[in-house]
Amino acid sequence: LVNVTEGSPAWQSGLRKFDQIVSVNGAKVTSTQDFIGAWGPIPEGEEVTIKARRYVTKDGQPQPVLENGKPKLDENGFVIWQAEDFEVKVIRGFLGVNLGQGFVPPRFER
């Protein structure tokens, strides 16, 4: 999410700028098109479950998962970033978000 309008249904549910939407009613979301494809067919007024991810930052910088004092790497040699997954429920209608690339942790090799 590149923006969440303060006071909107998304804001009231707990979504914030830079959160990453992971799924909508169980449908995996990896792009804006995925979100639109999952959100669009849901009837107005229906409760929707959104799973989201929030990366842990300190002073605006993403925080790596540490292992023995060093950043932990995934199977491809990229840093694994600390993140918290959570779930919110909203009513299908105006959500109050701007979709886009938003915050994506860098894929630095370490």
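Modeller: Let's start with a term: a strand is a DSSP run of E with at least two residues, and strands are numbered from the N terminus. Keep in mind that this is a predicted model.

Biologist: Fine. What makes residues 57-58, where T57 sits, a strand?

Modeller: β5 is made up of residues 57-58, with T57 in it. A strand needs at least two residues, so a run of that length qualifies.

Biologist: Why is T57 called partly exposed?

Modeller: Its relative accessibility is 43%. Buried would be under 20% and exposed over 50%, so a value in between gets the label partly exposed. Leaving out residues up to four places away in sequence, T57 touches P62 and Q63. There is also Q82: 25 residues along the chain from T57, with 8.2 Å between the two C-alpha atoms.

Biologist: Let me step back. How many helices and strands does the chain have?

Modeller: Two helices and 10 strands. Read from the N terminus, their order is β-α-β-β-α-β-β-β-β-β-β-β. The C-alpha trace spans about 50 × 25 × 20 Å along its principal axes.

Biologist: And what share of the residues counts as buried?

Modeller: Of the 110 residues, 29%. The accessible surface is about 7000 Å², with carbon and sulfur atoms holding 48% of it.

Biologist: How far apart are the mean positions of the positive and negative charges?

Modeller: They are 4 Å apart, for 13 positive and 14 negative charges.

Biologist: Let's go inside. Why does S23 count as buried?

Modeller: S23 has 7% relative accessibility, so it counts as buried. The cut-off is under 20%. S23 belongs to strand β2, residues 20-24. Its contacts, apart from neighbours within four places in sequence, are K28, V29, T49, I50 and K51.

Biologist: Which residues touch the most other members of the largest nonpolar core?

Modeller: V24, W39, I50 and L95, out of 18 residues in that core. At least two core residues come from each of β2, α2 (32-39), β4 (47-55) and β9 (83-91).

Biologist: What is L95 in contact with, leaving aside its neighbours within four places in sequence?

Modeller: L95 contacts S8, P9, A10, F35, W39, I50 and V90.

Biologist: W39 keeps turning up. How do you know that the buried residues of α2 are on the same side?

Modeller: First, the buried residues of α2 are F35, A38 and W39. They cover an arc of only 90° around the axis, which puts them on the same side of α2.

Biologist: What covers the buried residues of α2?

Modeller: The cover includes β2, β3 (27-28), β4 and β9. On the face turned away from the buried side you'll find the exposed residues Q33 and I36.

Biologist: Where is G40, and how do you know that it counts as partly exposed?

Modeller: G40 lies in the loop between α2 and β4. Its relative accessible area is 42%, so it counts as partly exposed. Once again, the value falls between the 20% and 50% limits. V97 is 57 residues from G40 along the chain, and 14 Å separates their C-alpha atoms.

Biologist: Now the backbone. What makes the phi of F18 worth a look?

Modeller: It is near 80°, a positive value in a residue that isn't glycine. In general, most residues other than glycine have a negative phi. F18 is found in the loop between α1 (9-13) and β2. With 40% relative accessibility, F18 is partly exposed.

Biologist: What about N25: what is its phi?

Modeller: Also positive, at about 50°, although N25 is not a glycine. Its place is the loop between β2 and β3. N25 has a relative accessible area of 41%, so it is partly exposed.

Biologist: Last one. Why is D85 called exposed?

Modeller: Its relative accessibility is 52%, so D85 counts as exposed. The limit to pass is over 50%. D85 sits in strand β9 and, sequence neighbours within four places aside, is in contact with A52 and R53. D85 and K17 are 68 residues apart in sequence, and their C-alpha atoms are 15 Å apart in space.

Biologist: And over the chain as a whole, what share of contacts joins residues at least 24 apart?

Modeller: Among contacts between residues at least 6 apart in sequence, 68%.

Notes. Residues are numbered from 1 along each chain as its sequence is written. This is a predicted model: local features need pLDDT of at least 70, side-chain atom pairs count only at pLDDT 80 or more; totals for chains, interfaces and linings use all residues. Side-chain values use heavy atoms; hydrogens and water are left out. Helices (H or I, at least four residues) and strands (E, at least two) are DSSP runs, numbered from the N terminus. Buried means under 20% relative accessible area, exposed over 50%, partly exposed in between (1.4 Å probe, protein chains only). Contact means heavy atoms within 4.5 Å. Accessible areas come from the Shrake-Rupley method with a 1.4 Å probe; for residues, only the protein chains shown count as cover. Lys and Arg count as positive and Asp and Glu as negative; His and the chain ends are not counted. The place of a charge is taken as NZ of Lys, CZ of Arg, CG of Asp or CD of Glu. A nonpolar core is a set of buried Ala, Val, Leu, Ile, Met, Phe, Trp, Tyr and Cys residues joined through side-chain atoms within 4.5 Å. The arc is that of the directions from the helix axis to the C-beta atoms.
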